Amino acid sequence: MEQGTNRPSRDELLAMAYVDGELPDAERAAFELRLVDEPGLAREVRDLRALTVLARSAAPSEPQDAEWDRLERDLLQRLLSRGGFTLFGLGAIAAVVDLLGASFRSDTVVSAATPICTVCIVAGGVALLAAALRWRARTQPHDPYLDVKR
């Protein structure tokens with residue numbers, strides 16, 4: 001900052017905007033050219049980036065992060081999500097294989113695998129939906145944007 005004032009200089013404001021990714025493309029390109037020629041300005045950007053990293057590492061975790069960690073360790077949540085993906089994926093793969101096999105068969109009889117594939121796909125989808133709804137219900141009370149009005 002300029003000596004004797006509390007206001008940042010124009011270059012300091014530009015450096016802050018650059019580090020925050022707020023400069024338009026043309027201004028950013030011109031500023032980057034200045035960084036090559038002005039070591040003091042490059043040091044300012046380096047210091048601001050270091051300050052950003054320090055601020056992120058010093059920030060406490062959000063309450064929602066702790067709930068996410070608990071949910072990732074929760075057995076029921078893992079069963080619903082992994083089981084849902086497995087059922088849905090296997091059902092979809094089996095359905096594709098069944099359809100490809102049906103295209104080579106001359107008869108139009110529905111194979112015995114078709115209802116099983118359908119059940120797997122539906123059950124997997126229901127399990128994934130249940131996992132997503134459970135996740136949302138558990139994390140919603142911690143959502144920092146819940147009370148934000150547009």
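**A buried threonine and the helices beyond**

Tutor: Thr 139 is buried, with a relative accessible area of 2%, where buried means under 20% relative accessible area, exposed over 50% and partly exposed in between, using a 1.4 Å probe and protein chains only. The model is a predicted one, in which local features need pLDDT of at least 70 and side-chain atom pairs count only at pLDDT 80 or more, while totals for chains, interfaces and linings use all residues. Residues are numbered from 1 along each chain as its sequence is written, and side-chain values use heavy atoms, with hydrogens and water left out.

Thr 139 belongs to helix 6; helices (H or I, at least four residues) and strands (E, at least two) are DSSP runs, numbered from the N terminus. A polar atom of the Thr 139 side chain lies 2.9 Å from the backbone oxygen of Trp 135, a polar contact, that is, a pair of N or O atoms within 3.5 Å, of which, within protein, one must be able to donate a hydrogen and the other to accept it, residues adjacent in sequence counting only if both atoms are side-chain atoms. Not counting residues up to four places away in sequence, Thr 139 touches Gln 64, Glu 67, Trp 68 and Leu 71, contact meaning heavy atoms within 4.5 Å.

Helix 6 (113-139) also receives the buried residues of helix 5, which pack against it and against helix 4 (63-73). Those buried residues are Gln 77, Leu 80, Gly 84, Gly 91, Ala 95 and Asp 98. At the start of helix 5, a side-chain oxygen of Asp 74 reaches to within 3.4 Å of the backbone nitrogen of Leu 76.

Elsewhere, Val 45, in helix 3 (residues 39-58), is buried with a relative accessible area of 3%. Val 45 touches Ala 15, Tyr 18, Val 19, Phe 31 and Leu 35, leaving out residues up to four places away in sequence. With the same exclusion, Leu 35 is in contact with Tyr 18, Leu 41, Ala 42 and Val 45. Both Val 45 and Leu 35 belong to the largest nonpolar core, which has 10 residues; such a core is a set of buried Ala, Val, Leu, Ile, Met, Phe, Trp, Tyr and Cys residues joined through side-chain atoms within 4.5 Å. Helix 1 (10-19), helix 2 (25-37) and helix 3 each give two or more residues to this core, and helix 1 supplies the largest share, 4 residues.
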